[in-house]
Structures are given as structure tokens and as C-alpha cells.
Amino acid sequence: MAVTYFIGLNEKENHDFDTEKFNRDIKQRFPNVIISESSEYNYNILWEDDADEYKFNLSMERNRCAFAIDYFNSANRIYDYAKFIIWLRSYFPVGKEVILCDESYNRSLVLGQDISIDKIVGVLE
């Protein structure tokens, strides 16, 4: 069973998040990603990639404060997952506290700008 991980700010809104830039960047990094939007859900933008190298389901909260990673897989899953999380963290403001936590809030980590892959791997394992 997959565990959902959240990456986000402890804020009410994140007006600084540039959705258009993120969409361009994710398409460049993951050319097979499919982007869909819905006005019905709280997590209203979904990015899905089911390519050979990476497979993931990523969504973003309507207020642009949090990503939810429902699924991630690759050949080097844990290491690639940690790199993916660091990449996502880079889209939040530098001076803001960004938290990684699992869906039950049992495992969490503050993601500073200089967070190491090893620290994230420790949370994911």
C-alpha cells in the first residue's frame, strides 16, 4: 500500500507559487507527464506520469501551500523519491519553513534549502 506524503508550508495561502512556471518545468523534467485541473477538489491540479523511468501521482492544494505525492516509483525508488522531494521543495519560498510529512503525521521533517537526500531517505524508509 502506498503512503501519501505531503510537502508544504504552514500558511493559509501561497500567492507566490507560479503554476505556469511549474507546469513548464515539470514537462521539461518529465516529458510524459499529464496535467489535469479540476475545480471540484481541494487538491485541484494533478500531475501524473506513467512512463518507463518514473511513475508518480502528484497533486497541489488549491491554496498552493502543499503538494501531495500519492505514488512514486522508479528503478532507484527511495533515492529518486528523495531527489523529487528536494526538487519540489525548491518551488517554495526560500525563507519559509517547508514540512515533509506522511499522511498520518507520524513521520515529518523540516525541509531546509540545504536538506540532504539521506535525511529524506530516513523518513521515506
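Leaving aside neighbours within four places in sequence, which residues is F56 in contact with? They are I26, F30, V33, W47, E48, D49, Y71, F72 and F84, contact meaning heavy atoms within 4.5 Å. The model is predicted: local features need pLDDT of at least 70, side-chain atom pairs count only at pLDDT 80 or more, and totals for chains, interfaces and linings use all residues. Residues are numbered from 1 along each chain as its sequence is written, and side-chain values use heavy atoms, with hydrogens and water left out.

Seven strands form an open, antiparallel sheet in the order 2-3-4-5-1-6-7. Strands (E, at least two residues) and helices (H or I, at least four) are DSSP runs numbered from the N terminus; strands pair if DSSP finds at least two bridges between them. Strand 2 and strand 7 (108–110) each have a single partner strand, so one side of each lacks a neighbour in the sheet.

Strand 2 (residues 34–37) and strand 3 (residues 43–50) run antiparallel, joined by four bridges. Five residues separate them in a hairpin. I34 stands opposite E48. Seven bridges join strand 3 to strand 4. Here W47 stands opposite L58. Helix 1 packs on the sheet and touches strand 2, strand 3, strand 4 and strand 5.

The largest nonpolar core has 35 residues. Such a core is a set of buried (under 20% relative accessible area, 1.4 Å probe, protein chains only) Ala, Val, Leu, Ile, Met, Phe, Trp, Tyr and Cys residues joined through side-chain atoms within 4.5 Å. I7, F22, W47, F56, L58 and F67 touch the most other members. Helix 2 gives the most to this core, with six residues.

Note on methods. Buried < 20%, exposed > 50% of the residue type's maximum accessible area, 1.4 Å probe, protein only. Axes fitted to C-alpha atoms, helices over the stretch in contact; angles between N-to-C directions.
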